[in-house]
Amino acid sequence: MARESEQFQVQRVIGNNVVMVQGGKKGKEYVIIGKGIGFAVKDSGVIEGDDHRIEKLFRLEDREEWSQYQALLEDIDPKIMRITDEIIADIADEFPDKLNDKIYLALPSHIQFTIYRLRNGMDIVNPFLQETKLTFPKEYEIACRAAEKINAEFQVQIPEDEVGFLTYHVYSAVSNVPVGQLVKASNIVSELLEMIKMERNIMFEHGSMNHVRLMIHLRFSIERILHGSLIDNPFVKHIKREYKEEYKLAKKLGEVMQNKLKTDIPEEELCFLAMHLHRLFQTLEKKQK
C-alpha cells in the first residue's frame, strides 16, 4: 500500500469512527475515517498508515477549516456517525463517482444540529423547498430516505423543509458545490425570478414547465459563473441584434449576479440568458392568444 511507511499522530479523537491526525510524508493535517479507528486510540496516539481500518483519509484545506470542523465534530453522537455512514452509502449507490470527502464531516454536523432543533421545538423553515425539489429531484429522493432513517433512529419527525436542506448536502456531495454556495444561489435565483416577473409584468404557474426551465437555467448559469466554466455561444452578435429587449433585461439580471457573486458575467452567458428569455416570452405570448 502507498501508506505503509507513513504514521499519523492523533490530534483529536472525534468518535469511534473519526479521528483528526497530523503526519504522513508531508506532515499535513488530515481526517481519518474508518470503522472503529478511534475506539482504542487515545489523543496523542499513533495510527500506522497501513492500518486496515482506514477507509477514508483526506486533508482539510486550511487552519480555519480545521478548527471549524474540530469544534463541530468533537461532540457528535456515535449513532449519528453510524446513520451518516448509511446515508453516504445510499448516495454512493446512486452516484458511483467519487463523493466530496467533506460530506463525512458536514453531514453528521448538520444532522446533529437538526435533531437538537427538533427536540427543542425550534422551527425549520426552508424558503427554497419547492425550487430544491424541482431542481434536484434525484437528490431529493435520497434525502427523503435519509430523513426516514433519522426518524426511525432518533424518534423525531423530519419536516419536509429539512428534507430540502438535506437535499443540498446530497447534491454538494456529488457536485463538489459547497452547501453555503447552494443556499446563496437559491437566494439569487429567487431575486432574479421576481425581477423577470416585474420587468415584463408576467406570471407563470409555480412548478410549470416554463417556471422549472427558467429556474434551472438561472441556477446552473450561476454555478457555471462561479466555477469559471465558460460556455461557447457562437450566436452572440445575432442575439444582441435580434433580441434587443431580452438582451437588455439579461444585462439587468447580469448586474444583480455580478453584484451578488462579486465576479464578472461573461457576455456569452448573458446572451444565452437572453435567448432563453426570448423563448420563454414567446411561449407565454402564445398561451395568452
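User: Leaving aside neighbours within four places in sequence, which residues is Thr-84 in contact with?

Analyst: Thr-84 is in contact with Leu-107, Pro-108 and Ile-111 once its neighbours within four places in sequence are set aside; contact here means heavy atoms within 4.5 Å. This is a predicted model, in which local features need pLDDT of at least 70 and side-chain atom pairs count only at pLDDT 80 or more, whereas totals for chains, interfaces and linings use all residues. Residues are numbered from 1 along each chain as its sequence is written, and side-chain values use heavy atoms, with hydrogens and water left out.

User: Why is Thr-84 called buried?

Analyst: The relative accessible area of Thr-84 is 1%. Buried means under 20% relative accessible area, exposed over 50%, and partly exposed in between, with a 1.4 Å probe and protein chains only. Thr-84 is therefore buried. Its place is in helix α2 (residues 78–94), where helices (H or I, at least four residues) and strands (E, at least two) are DSSP runs numbered from the N terminus.

User: What does the side chain of Thr-84 reach?

Analyst: The side chain of Thr-84 reaches the backbone oxygen of Ile-80 at 2.7 Å. A polar contact is a pair of N or O atoms within 3.5 Å; within protein, one must be able to donate a hydrogen and the other to accept it, and residues adjacent in sequence count only if both atoms are side-chain atoms.

User: Why does Asn-126 count as buried, and what does its side chain reach?

Analyst: Asn-126 has 5% relative accessibility and so counts as buried. This residue is found in the loop between α3 (103–119) and α4 (129–135). Its side chain reaches the backbone nitrogen of Phe-128 at 2.9 Å. Beyond the neighbours within four places in sequence, Asn-126 is in contact with Asp-161, Gly-164 and Phe-165.

User: What makes Asn-151 count as buried?

Analyst: Asn-151 has a relative accessibility of 15% and therefore counts as buried. Asn-151 lies in helix α5 and touches Val-156, Gln-157 and Ile-158, residues up to four places away in sequence not being counted. The C-alpha atoms of Asn-151 and Ile-115 are separated by 9.5 Å, and the two residues are 36 residues apart along the chain.

User: Why are α5 and α6 called oblique to each other?

Analyst: Two packed helices are described by the angle between their axes and the distance between the axes. Axes are lines fitted to C-alpha atoms, for helices over the stretch in contact, and angles run from 0 to 180 degrees between N-to-C directions. The axes of helix α5 (residues 137–154) and helix α6 (residues 160–175) cross at roughly 120° and come within 8 Å. Angles under 35 degrees count as roughly parallel, over 145 as roughly antiparallel, 65 to 115 as roughly perpendicular and the rest as oblique. α5 and α6 are therefore oblique. Their crossing is right-handed; a crossing is left-handed if the near helix is turned anticlockwise from the far one by less than a right angle, and right-handed if clockwise. Residues of α5 including Tyr-140, Ala-143 and Ala-147 meet a set in α6 that includes Val-163, Leu-166 and Val-170.

User: What makes α7 and α10 roughly antiparallel or oblique?

Analyst: Helix α7 (residues 179–200) packs with α10 at an angle of about 155°, the axes being 11 Å apart. That angle makes α7 roughly antiparallel to α10. The contact involves, among others, Ile-188, Leu-192 and Met-195 of α7 and Leu-249, Leu-253 and Val-256 of α10. The crossing of α7 past α10 is right-handed.

User: Why are α7 and α8 described as oblique?

Analyst: The axes of α7 and α8 cross at roughly 130° and come within 10 Å. The two helices are therefore oblique to each other. Among the residues making the contact are Leu-182, Val-189 and Leu-193 of α7 and Leu-214, Leu-218 and Ile-222 of α8. This crossing of α7 and α8 is right-handed.

User: How do you know that the span of α10 agrees with its number of residues?

Analyst: The expected span of a helix is 1.5 Å times one less than its number of residues. Helix α10 (residues 244–261) has 18 residues and should therefore span 26 Å; its end C-alpha atoms are 25 Å apart, which agrees. α10 is followed by Lys-262, with a positive phi near 60°. The buried residues of α10 include Glu-246, Tyr-247, Leu-249 and Met-257.
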